[in-house]
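Thank you all for making time this morning. Before I start, please bring up the sequence and the model together, so that we can go through them side by side.

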Amino acid sequence: MSKTPTLRLDRLLANMGYGSRREVQQLAYAGLVTLDGAVIEDADQRIAVTRDLPDRMRIRGKPLDPPPGLALMLHKPLGVTCSHKEAGPLVYGLLPERWRRRDPAISTVGRLDKDTSGLLLMTDDGNLLHRIISPRAHIPKRYHVTLDRPLKGDEAEIFAAGTLLLEGEEKPLLPAQMEVLSNTSAHLVLTEGRYHQVRRMFAAVGNHVTALHRDRIGALALPDDLEPGQFRLLDETDLELILPPGKNAQAGAS
């Protein structure tokens with residue numbers, strides 16, 4: 001079994017965005033940090049960083065934020081970008097302000113473009129992030145696609161063949177599954193994530209995507225009651241819906 005990591009209180013809380021180490025020391029001296037109901041006055045005290053720490057530690061009477069290793073799902077709204085390099089509102093602005101000062105930082109697990117809504121994963125766990133986005137993982141992602149023109153009827157066969165070449169590329173796409181919902185809408189399931197892949201796939205068969213929404217990653221579905229802009233923390237059960245234990249090990253192999 002791996003040993004439970006420990007950190008000094010001032011470093012732990014500073015890394016979680018509660019302030020500088022000096023500011024955390026002042027919190028402790030003021031009796032505003034408690035663990036299991038007891039005040040921690042010594043900011044040098046080492047704290048075991050366990051998953052249940054938010055249930056046991058209080059800062060100014062409020063539960064501690066999730067410790068390092070957090071993962072969450074966000075219902076990404078339209079018009080919000082995942083990149084720090086683009087202008088306009090960012091997905092990070094939808095998180096609590098303190099969370100944007102965390103170290104390690106919270107990052108998106110892959111991206112959805114500005115004009116795509118839906119299920120977006122975020123984490124501060126670099127190992128988890130790379131396991132999910134690894135090309136070896138082949139995690140299915142489902143998109144609800146709305147089209148400008150009626151389907152011709154041969155799109156599902158073309159996408160499933162594994163021979164479609166996108167413009168400017170030399171490697172065919174992996175097979176993708178398409179379920180027709182109406183003459184101008186469909187579900188499309190991909191196991192890879194090339195740049196603007198869904199939009200380019202339909203452009204390759206003579207159509208244009210007018211709306212795109214991701215509602216599933218692996219077996220993890222975006223909850224109906226999670227409104228655009230809202231997020232929810234993920235637990236181990238949720239993560240196993242994305243990366244089942246067997247696939248988890250395979251994706252992590254070099």
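What we have here is a predicted model, in which local features need pLDDT of at least 70 and side-chain atom pairs count only at pLDDT 80 or more, while totals for chains, interfaces and linings use all residues. Residues are numbered from 1 along each chain as its sequence is written, and side-chain values use heavy atoms, with hydrogens and water left out.

Helices (H or I, at least four residues) and strands (E, at least two) are DSSP runs, numbered from the N terminus. In helix 2, residues 21-29, the buried residues are Val24, Leu27 and Ala28, where buried means under 20% relative accessible area, exposed over 50%, and partly exposed in between, with a 1.4 Å probe and protein chains only. Seen down the axis, the buried residues of helix 2 fall within an arc of 95 degrees, so they line one face of the helix; the arc is that of the directions from the helix axis to the C-beta atoms. Arg22 and Tyr29 are exposed on the other side of helix 2.

Now the backbone: most residues other than glycine have a negative phi, and most peptide bonds are trans. Asp36, however, has a positive phi near 55 degrees, and Asp36 sits in the loop between strand 2 and strand 3 (38-39). Arg60 likewise has a positive phi, near 55 degrees, and lies in the loop between strand 5 and strand 6 (62-63). Finally, the peptide bond from Asp103 to Pro104 is cis, with omega near 10 degrees.
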